[in-house]
Amino acid sequence: MAAIGSPPPLLLLVGVRAVDPAQQLDDVVDVVVEDGVIRRVGRGAATDDLRRAATAEIIQGEGLLLLPAFVDLHAHLREPGQEYKEDIASGLAAAAAGGFAHVCAMPNTRPVNDNRSITEAMIARARALSGPALHPIGAITMGQKGTELTEMADLKDAGAVAVSDDGRCVTSSAVMRRALEYAKTFDMPVIQHAEDHALTEGAQMHEGAIATRLGLRGWPRVAEDIIVARDVLLAEATGARYHVAHVSSLGAVRILREAKARGIAVTAEVTPHHLTLTDAAVLGYDTACKVNPPLREQADVDALREALADGTIDVVATDHAPHSTLEKDCEFAEASPGLIGLELVAPVLLDLVRQGALPLGRLVDALTRAPARVARLEAPTIKVGARAELCLVDPNLSFVLDPARLRSKSKNTPLLGRQLTGRVKMTLAGGRVVFVDSESEGAAT
């Protein structure tokens, strides 16, 4: 097997089901990768001559899925400032194990990524690791304080692909309007954490029957809906690119659907946990299920799934939010919101495909081409001549999630100890092998 971090001299994926909506591809084919570039795709592409080559590594693909490697538009890697939770090395290792070739990192680091020096340092750190590519997202406002805009020109020149104050909402309409106008100058999307903080002060979970039962202060849907509605109007007025992070409410879905029907330049993302869990998961005061925005009700989950399937929601993003036991093994009110997600996308979301809630092709597009389009990145694709950025998945492999197997420093997920189905076997990013599942080592010939 080619060394991790190196391009495989000659990799033959034989008889694998390759799925790439960007190429209208869903077929059992051979895929030939040579020196990090896809050279052949098609039935019989791995010829006998190639199989006899001294450098050939052959993977029999029966029962396996070959997908373009994933692009995460929303992750928290905690470096600089909170490396005890995660750092760029561990975060990108987790991303590789999850099938990702590109990770966009949110700016709520310590210090906040609100200037070019931090952006450049993050990129340099990632490049030294030879793993998935890191694309920093700069802050909208200095220190994420919601008042003074950052120097977006500098941020973009340094490598930032978007701006966001994620974790804090830009609540001032005047500041948000100026941010949209300024970002439009540089064709940068403005990613909003949609939360009216005046309506969520002291809130611990979704406002509903479960919150009442647990005696916890509720977080109303309208706190999200109000900000999305306002920002859609500002995006329409400015003509800027506006993206809603981690949509969670059925009201926000309705607003987004109408905005798209009117041709407004708005995009949106949803997380795997908002697609699969409800506020009932919090019963027992499970801090692993405390997230921001909160898990909501089944009606919201249904609306999110429908919106993802029909394209109203463009992107699946993990909102990977690692926390140590210090922040999670405590009273619910004191626990930090967030859960890890980079390594768990395949098993969690393939369940939706198996249930018939989401077509496989739509899921692949939401994890690849759609987020790349928002961030203006070159999307991974299964195409002759393309740099090899691929994800090989065994969709039928069941396993119990062992925290010792996780590459992330933090283990804050409600899925620990549960049986999952679907596991990434290999990831290529930038033409290099960046992950091989331990049970796959030695399987190639």
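My entries on the sites and the strands follow.

**Ground rules.** I am working with a predicted model, where local features need pLDDT of at least 70, side-chain atom pairs count only at pLDDT 80 or more, and totals for chains, interfaces and linings use all residues. Residues are numbered from 1 along each chain as its sequence is written, and side-chain values use heavy atoms, with hydrogens and water left out.

**Entry 1: the first site.** I looked up the UniProt "binding site" annotation, from an unreviewed entry, that covers His-74, His-76, Asp-166 and Asp-319. They are spread over 246 residues of sequence, yet they cluster in space, with a largest C-alpha distance of 10.1 Å. His-76, Asp-166 and Asp-319 are included in the lining of the largest pocket. UniProt positions are in the numbering used here, feature names are shortened, and annotations may be inferred rather than shown by experiment.

**Entry 2: His-74.** I found His-74 in strand S6, residues 70-75 (strands are DSSP E runs of at least two residues, helices H or I runs of at least four, numbered from the N terminus). His-74 is buried at a relative accessible area of 0% (buried is under 20%, exposed over 50%, partly exposed in between, with a 1.4 Å probe and protein chains only). Not counting residues up to four places away in sequence, its contacts include Asp-166, His-246, Glu-269 and Asp-319 (contact means heavy atoms within 4.5 Å).

**Entry 3: Asp-166.** Where does Asp-166 lie? I see Asp-166 in the loop between strand S9 (163-164) and helix H5 (173-185). Asp-166 counts as buried at 4% relative accessibility. A 3.2 Å polar contact links its side chain to that of His-76 (a pair of N or O atoms within 3.5 Å; within protein, one must be able to donate a hydrogen and the other to accept it, and residues adjacent in sequence count only if both atoms are side-chain atoms).

**Entry 4: the second site.** UniProt also lists Asp-166, His-193 and His-246 under "binding site", again from an unreviewed entry. Although spread over 81 residues of sequence, they cluster in space, the largest C-alpha distance being 9.9 Å. The lining of the largest pocket includes Asp-166, His-193 and His-246.

**Entry 5: the two histidines.** I placed His-193 in the loop between strand S10 (190-192) and helix H6 (197-200), and His-193 is buried at 2%. A polar atom of the His-193 side chain lies 3.3 Å from the backbone nitrogen of Gly-167. His-246 sits in the loop between strand S13 (242-244) and helix H9 (250-261), buried at 3%. The side chains of His-246 and Asp-166 make a polar contact of 3.2 Å.

**Entry 6: strand S17.** Why is S17 (residues 419-429) largely enclosed by the rest of the structure? Because 9 of its 11 residues are buried. S17 runs antiparallel to S16 (residues 390-400), with 7 bridges (strands pair if DSSP finds at least two bridges between them). Cys-391 stands opposite Thr-427 in S17. I also get 4 bridges from S17 to S18 (residues 432-436), antiparallel, with Leu-428 partnered by Val-433 in S18. S17 and S18 form a hairpin with 2 residues between them, and Gly-430 in the turn has a positive phi of about 60 degrees.

Notes: 1 Å grid on protein atoms, 1.4 Å probe; cavity = no way out; pocket = protein on both sides within 12 Å on 5 of 7 lines; lining within 4 Å.
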